[in-house]
Structure formats: C-alpha cells, structure tokens
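This report describes a protein chain from its overall dimensions down to a few individual residues. The sequence and the structure are shown first.

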Amino acid sequence: MSKLHIKKGDIVFVNTGVDKGKTGRVLQVLVKDNRAIVEGINMVSKHTKPSANNPQGGKETKEAPIHISNLNLIDPKSGKPTRIGRKRDENGAVRISKKSGEEIK
C-alpha cells in the first residue's frame, strides 16, 4: 500500500465533481478506501428515524467521503493547489510542496 499525500487537518482543494473549486479541512482519512472526509464538501442527505438523540427524526445533511485523487493540498506559501513531494531529513521523510518547495507541517 502506498503512502497518502494528505493527512487529517490539511486544507485541500477539490479538483473535480459537484464541489469543484472549493476548499476545506480534512476531518478524517479512510486509508483502506483511499478516501477522505472534507469539511463542507460532498454533502449528502440522510433520512433518520426518531431516536433518543434526535426525537424529531427527519433529514440530516453530512459529509460523504471523496476519493483522494480528486483532492490537492493547498500550498502554505501561495495558497494555491499543489502536488506533493517527499524529502528525507534528519527526522524521517517530510512532505514538500512542488510549487514553492516549502515544507508542509
């Protein structure tokens, strides 16, 4: 299995789909499925039955997973979408931006 270019907490840009051009923060990465859940992106409606938590029931909108190939990391320097490279340093490999060469924290 290859290493993913995004991590939880990263700000990402959506390349394709209904939400093309939008940006959001990664809430969760589903490594097994190569997908990520991004805040405010790929919203779906789910019908819920009345329960103790939600006595009214009804429609609930929440984020659905989106494939990571449709996401690009935002460059910390320019604020534009960029590809990711890896560079070795004294404490392992770090992610670097292909556009600016800046290290991604």
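## Charges and basis of the model

How far apart are the mean positions of the positive and negative charges of the protein chain? The mean positions of the 22 positive and 11 negative charges lie 5 Å apart, where Lys and Arg count as positive and Asp and Glu as negative, His and the chain ends not being counted, and where the place of a charge is taken as NZ of Lys, CZ of Arg, CG of Asp or CD of Glu.

The model is predicted, so that local features need pLDDT of at least 70 and side-chain atom pairs count only at pLDDT 80 or more, whereas totals for chains, interfaces and linings use all residues. Residues are numbered from 1 along each chain as its sequence is written, and side-chain values use heavy atoms, with hydrogens and water left out.

## Overall architecture

The protein chain contains 11 strands and zero helices, strands being DSSP runs of E with at least two residues and helices runs of H or I with at least four, numbered from the N terminus. The C-alpha trace spans about 55 × 30 × 20 Å along its principal axes. The radius of gyration of the protein chain is 17 Å, whereas a compact globule of 105 residues would have a value near 13 Å; this radius is taken over C-alpha atoms, and the globule rule is 2.2 Å times the number of residues to the power 0.38.

Of the 105 residues, 27% are buried, meaning under 20% relative accessible area with a 1.4 Å probe and protein chains only, while exposed means over 50% and partly exposed lies in between. Among contacts (heavy atoms within 4.5 Å) between residues at least 6 apart in sequence, 39% join residues at least 24 apart.

## A buried threonine

Thr 82 belongs to strand β8, residues 81-82, and is buried, with a relative accessible area of 4%. Leaving aside residues up to four places away in sequence, Thr 82 touches Asn 72, Leu 73, Ile 74, Asp 75, Ser 97, Lys 98 and Lys 99. A polar atom of the Thr 82 side chain lies 3.2 Å from the backbone nitrogen of Lys 99.

## Two asparagines with positive phi

Most residues other than glycine have a negative phi. Asn 34, in the loop between β2 (23-30) and β3 (35-38), has a positive phi near 55° and is partly exposed at 30% relative accessibility. Asn 42, in the loop between β3 and β4 (43-48), has a positive phi near 60° and counts as partly exposed at 26% relative accessibility.

How values were computed: Polar contact = N/O pair within 3.5 Å; in protein donor to acceptor, adjacent residues only side chain to side chain.
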